[in-house]
Amino acid sequence: MEKLYFYGEYVEPIKEGAKTSTIRRHFDGKVGDEIAAYETDTNPLRRIREFGFLEIKSIEYIRFDEINKEIARTEGYLHEDLLKESLYNIYDDLEESTLLYYVKFSFIPKEDEETVG
């Protein structure tokens, strides 16, 4: 099964429905897949934990310079510059023409957890 990893700061926005997409350099899933979602961070001593599943709703190719306010909103950001800065911190070699996967999803909680909200 495909897995997607998210830094801890994104877990609650995903659970709450404020973050309904992700931008990735590589993505092997397809529309309709249910993919396990894991919380992780840059600390190698921190344990990774599954926090739910993501149903893939759509997948598009976008160039880095095509990121706009609407895309930023689905990523849980108020402005595209904040999203771009965050992506630069993850992928330090981005150029304006870099092709990325823009993946929209809906969150499915684990059966042993209640939905937030």
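**Ground rules.** I number residues from 1 along each chain as its sequence is written. Because the model is predicted, I take local features at pLDDT of at least 70 and side-chain atom pairs only at pLDDT 80 or more, totals for chains, interfaces and linings use all residues, and side-chain values rest on heavy atoms, with hydrogens and water left out.

**Chain overview.** I looked up the elements and found three helices and five strands. Helices (H or I, at least four residues) and strands (E, at least two) are DSSP runs, numbered from the N terminus. Read from that terminus, the order is β-α-β-β-β-α-α-β. Of the 117 residues in the chain, 40% are buried, where buried means under 20% relative accessible area, exposed over 50% and partly exposed in between (1.4 Å probe, protein chains only). I put the accessible surface at about 7,200 Å², with 46% of it on carbon and sulfur atoms; the areas come from the Shrake-Rupley method with a 1.4 Å probe, and for residues only the protein chains shown count as cover. I then checked contacts (heavy atoms within 4.5 Å). Among those between residues at least 6 apart in sequence, 71% join residues at least 24 apart.

I traced an open sheet of five strands with mixed pairing, in the order 1-3-4-5-2. Strand 1 (3–7) and strand 2 (21–24) stand at the edges with a single partner strand each, so one side of each has no neighbour in the sheet. From one strand to the next the twist averages 40°; axes are lines fitted to C-alpha atoms, for helices over the stretch in contact, and angles run from 0 to 180 degrees between N-to-C directions.

I went through the pairs next, a pair being two strands with at least two bridges found by DSSP.

- Strand 1 and strand 3 (residues 34–40) are parallel, with five bridges; I noted Thr 40 in strand 3 as the bridge partner of Tyr 7.
- Strand 3 and strand 4 are antiparallel over six bridges, and Ile 35 stands opposite Leu 54 in strand 4.
- Strand 4 and strand 5 run antiparallel and are joined by 11 bridges; Ile 59 faces Val 103 in strand 5.

**Core.** I looked for nonpolar cores, meaning sets of buried Ala, Val, Leu, Ile, Met, Phe, Trp, Tyr and Cys residues joined through side-chain atoms within 4.5 Å. The largest has 28 residues, and those with the most contacts inside it are Phe 6, Ile 14, Ile 23, Leu 54, Ile 67, Leu 83 and Leu 87. Two or more residues each come from strand 1, helix 1 (11–16), strand 3, strand 4 (49–63), helix 2, helix 3 and strand 5 (99–109). Strand 5 gives the most, with six residues.

I listed the contacts of Leu 54, leaving aside neighbours within four places in sequence; among them are Leu 4, Phe 6, Ile 14, Ile 35, Ala 37, Phe 105 and Phe 107.

**Helix 3.** I found Leu 83, Lys 84, Ser 86 and Leu 87 buried in helix 3 (residues 80–90). They cover an arc of only 160° around the axis, which puts them on the same side of helix 3; the arc is that of the directions from the helix axis to the C-beta atoms. Their cover includes strand 2 and helix 2 (69–74).

I checked Leu 83 on its own: it counts as buried at 2% relative accessibility. Apart from neighbours within four places in sequence, Leu 83 touches Ile 23, Ile 67, Ile 71, Ala 72, Glu 75 and Tyr 77. The C-alpha atoms of Leu 83 and Arg 73, 10 residues apart along the chain, are separated by 9.1 Å.
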